[in-house]
Amino acid sequence: MSRFLTTFDPFKELREMEKRFQHAFPAKSSEESSLAGFTPTVNTREGDYAYHIEVDLPGVKKDDISVEVKDNRVTISGERKTKEEVKEEEYYRMESSYGKFERSFTLPENVDAENVSASSNDGVLEVVLPKKERNASSKQVEVK
């Protein structure tokens, strides 16, 4: 008499159910599904005279972007809205979707918060955080 050894898999039924669900309700295109959880990519860099934050915001209008400097933080927020309309002879479909986002960054101590600027061009927001001028004077400290 031979015995078979099987490994218990508590998630096997759950994975099978998920496969059936995905078959019955296929996923939307990557553009549509990315709207629900819209998180823009951010690149930061430090230059000689300023810090730069670049945020990729494809499909976001300049009027839908907010940049706020408050309590030693810069907060970038906004909303991306899309509408897709299909009109055919016997068929009409309109889909609307949107995604809100917000990203915050703590400012370094040497940022001139009064002169922060932002510009949007071709779906990329650039926030420029100028550095305060360094005090070039030095003080001789007596060693006791």
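Two strands are taken as paired if DSSP finds at least two bridges between them. Helices (H or I, at least four residues) and strands (E, at least two) are DSSP runs, numbered from the N terminus. On these terms, β1 and β2 form a hairpin with 3 residues between them.

The structure is a predicted model, in which local features need pLDDT of at least 70, side-chain atom pairs count only at pLDDT 80 or more, and totals for chains, interfaces and linings use all residues. Residues are numbered from 1 along each chain as its sequence is written, and side-chain values use heavy atoms, with hydrogens and water left out.

The secondary structure comprises 2 helices and 7 strands. Read from the N terminus, the order is α-α-β-β-β-β-β-β-β. Accessible areas were computed by the Shrake-Rupley method with a 1.4 Å probe; for residues, only the protein chains shown count as cover. The protein exposes about 12400 Å². Carbon and sulfur atoms supply 48% of that area. A residue is buried under 20% relative accessible area, exposed over 50%, and partly exposed in between (1.4 Å probe, protein chains only). Of the 144 residues in the protein, 19% are buried. Contact means heavy atoms within 4.5 Å. Among contacts between residues at least 6 apart in sequence, 48% join residues at least 24 apart.

Strand β2 has two pairing partners described here. Strand β1 (residues 42–46) pairs with β2 in the antiparallel sense, over 5 bridges. Val42 stands opposite Val55 of β2. Strand β7 also pairs with β2 in the antiparallel sense, over 7 bridges. In β7, Leu125 is the bridge partner of Val55. Of the 7 residues of β2, 5 are buried, so this strand is largely enclosed by the rest of the structure.

The nonpolar core comes next. Such a core is a set of buried Ala, Val, Leu, Ile, Met, Phe, Trp, Tyr and Cys residues joined through side-chain atoms within 4.5 Å. The largest one has 16 residues. Those with the most contacts inside it are Ile53, Val55, Leu57, Ile76, Leu125, Val127 and Leu129. The elements giving two or more residues to this core are β2 (50–56), β4 (73–88), β5 (91–106) and β7 (124–130). Leaving aside neighbours within four places in sequence, Val127 touches Tyr51, His52, Ile53, Val67, Ile76, Val116, Ser117 and Ala118.

Glu54 lies in strand β2. At 26% relative accessibility, Glu54 counts as partly exposed. Its C-alpha atom is separated by 6.4 Å from that of Val127, 73 residues apart along the chain. Not counting residues up to four places away in sequence, Glu54 is in contact with Thr41, Val42, Asn43, Arg45, Val124, Leu125 and Glu126.

Charged pairs were then examined. Side chains of opposite charge can pair when their charged atoms come close. A salt bridge is a side-chain nitrogen of Lys or Arg within 4 Å of a carboxyl oxygen of Asp or Glu. A search of the whole structure finds 5 salt bridges. Arg45, Glu54 and Glu126 are linked in a network of such bridges.

Glu46 and Lys131 meet in a salt bridge through their side chains (2.6 Å, N to O). This pair links distant parts of the chain: Glu46 is in strand β1 and Lys131 in the segment after β7, 85 residues apart. Glu46 is exposed, with a relative accessible area of 54%. Lys131, at 13%, counts as buried.

The side chains of Glu84 and Arg93 form another salt bridge (3.0 Å, N to O). Glu84 is partly exposed, at 34% relative accessible area. Arg93 also counts as partly exposed, at 28%. A salt bridge also joins the side chains of Glu85 and Lys87 (3.8 Å, N to O). Glu85 is partly exposed at 43%, whereas Lys87 is exposed at 63%.

Patches are made of residues with over 30% relative accessible area and no salt bridge; like charges are joined within 9 Å, nonpolar side chains (Val, Leu, Ile, Met, Phe, Trp, Tyr) within 5 Å. Phe11, Leu14 and Met17 make a nonpolar patch of about 330 Å². Leu14 belongs to helix α1 (residues 12–24).
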